[in-house]
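Hello,

Here is the structure I promised to pass on. Please open it beside this email and follow along.

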Amino acid sequence: MRAFAWVGLFALISMTAGGCGTPAPATIVTTTSMIADATQRIAGPHWKVDCLMGPGVDPHKYQPSASDLGKLSGAKLVLFSGLHLEGKMVDVLEKPAKGRKAVAVTRNLVEADLRAAEPGLETIHDPHVWFDVRLWKKCVEVIRDELCELDPPHAAEFRTNAEAYLKELDDLHAEVLAKAAKLPANKRILVTSHDAFGYFAAAYGFEVHGLQGVSTAAESGTQDVETLARVIGEKRVPAVFTETSVPSKGLEKVLSTVKQKYKFDVRLVADHDALYSDALGESGSSGSTYIGMVRHNIDVIMKALSQ
Ligand SMILES: [Zn+2]
């Protein structure tokens, strides 16, 4: 009887330990959805990837909520973009925490890879590196290496997944180059809400103009509107592009200035054709993955500027 009672008690303790005492599945937290997409591709089913900034969210202005802080404190690994993209989260991301590692996925990029930001900002580099697919590959390699260090028993699988993904990114880079090459050089003028496409422009041969600079935190002024209207007017740019993570009001002002001063109508590419700049799209949309985002953007740009 006594032995039976002990077994019963042990079973009860084990059940309790396996019930409410079980910790929630360990997670990796990412800031942007581009990082979450790459991380999930590499981690497969082994890790839960929690993304703080959903579709249409502007990372430059993003302030972490109380629930975000809870997610960050429970994470084993935090992957963020860096180069001051998450301008309002720098303190939170860089604050050391026991049992948690926080890594900027851009950490392996060197000075020669990076574009300068306009003067007067808190950052000296343009943070939008994901629009040169070759630079994004270097970020994906950081994600792979961090996952292997975090979870050595699955490292071989992570390496295989990363290799397949990096190969897809090689193909994507070649695809964007081939598509862009079909547009005559004098038509490759990309006008957007904010200056997110500098790396894209440099990699794929475009001239780029943003109404706002590399951060949306600094508002555009009347002078910016006039300057951009002149570029569009003098070069007869047929279309300008809104972005899913930035309000289109500023660009609308530019277009009415162009109409008034230069007497022609410019198409505002918007709604489901808006470019994905700093965030992926809703699940099921053309921009729900990084590869989908890049492909959507080049296809929309080609169609609008070919006319
Ligand atoms: Zn941006």
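Start with a definition: two strands pair if DSSP finds at least two bridges between them. Helices (H or I, at least four residues) and strands (E, at least two) are DSSP runs, numbered from the N terminus. Strand E1 (residues 27-30) and strand E3 (residues 77-80) run parallel and are joined by 3 bridges.

Two notes on the source. Residues are numbered from 1 along each chain as its sequence is written. The model is predicted: local features need pLDDT of at least 70, side-chain atom pairs count only at pLDDT 80 or more, and totals for chains, interfaces and linings use all residues.

The whole chain

The chain has 10 helices and 8 strands. Its C-alpha atoms fill a box of roughly 95 × 35 × 35 Å along the principal axes. Of its 307 residues, 38% count as buried. Buried means that 20 or more other C-beta atoms lie within 10 Å of the residue's own (exposed: 12 or fewer; partly exposed: in between; C-beta atoms are placed from the backbone).

The sheet

In general, strands of a sheet pair through backbone hydrogen bonds, either parallel or antiparallel. Here 4 strands form an open sheet in the order E2-E1-E3-E4, with parallel pairing. Strand E2 (48-51) and E4 are the edge strands, and each pairs on one side only. Neighbouring strands are turned by 20 degrees against each other on average, direction ignored. Axes here are lines fitted to C-alpha atoms, for helices over the stretch in contact, and angles run from 0 to 180 degrees between N-to-C directions.

Now look at E3. Val78 in E3 is the bridge partner of Val29. On to strand E4 (residues 101-104): E3 pairs with E4 in the parallel sense over 4 bridges. Leu77 stands opposite Lys101 in E4, and Phe80 has Ala104 as its bridge partner there.

Helix H5 (residues 133-150) has 18 residues and should span 26 Å at 1.5 Å a residue; its end C-alpha atoms are 26 Å apart, which agrees. The expected span is 1.5 Å times one less than the number of residues. Among the buried residues of H5 are Trp136, Cys139, Val140, Ile143 and Leu147. The buried residues pack against helix H2 (33-43), E3, E4, helix H6 (155-180), helix H7 (198-204) and helix H10 (290-306). Contact means that two C-beta atoms, placed from the backbone, lie within 7 Å.

How do H5 and H6 lie, parallel or antiparallel? Their axes come within 10 Å and cross at roughly 175 degrees. The two helices are therefore roughly antiparallel. Angles under 35 degrees count as roughly parallel, over 145 as roughly antiparallel, 65 to 115 as roughly perpendicular and the rest as oblique.

H6 also meets H10. Those axes come within 10 Å and cross at roughly 5 degrees, so H6 and H10 are roughly parallel to each other. Glu168, Leu172, Val176, Lys179 and Ala180 of H6 meet Ile291, Val294, Ile298 and Met302 of H10. By class, this contact has 7 nonpolar, no polar and 2 charged residues. Ala, Val, Leu, Ile, Met, Phe, Trp, Tyr, Cys and Pro count as nonpolar, Asp, Glu, Lys and Arg as charged, and the others, Gly among them, as polar.

Best wishes
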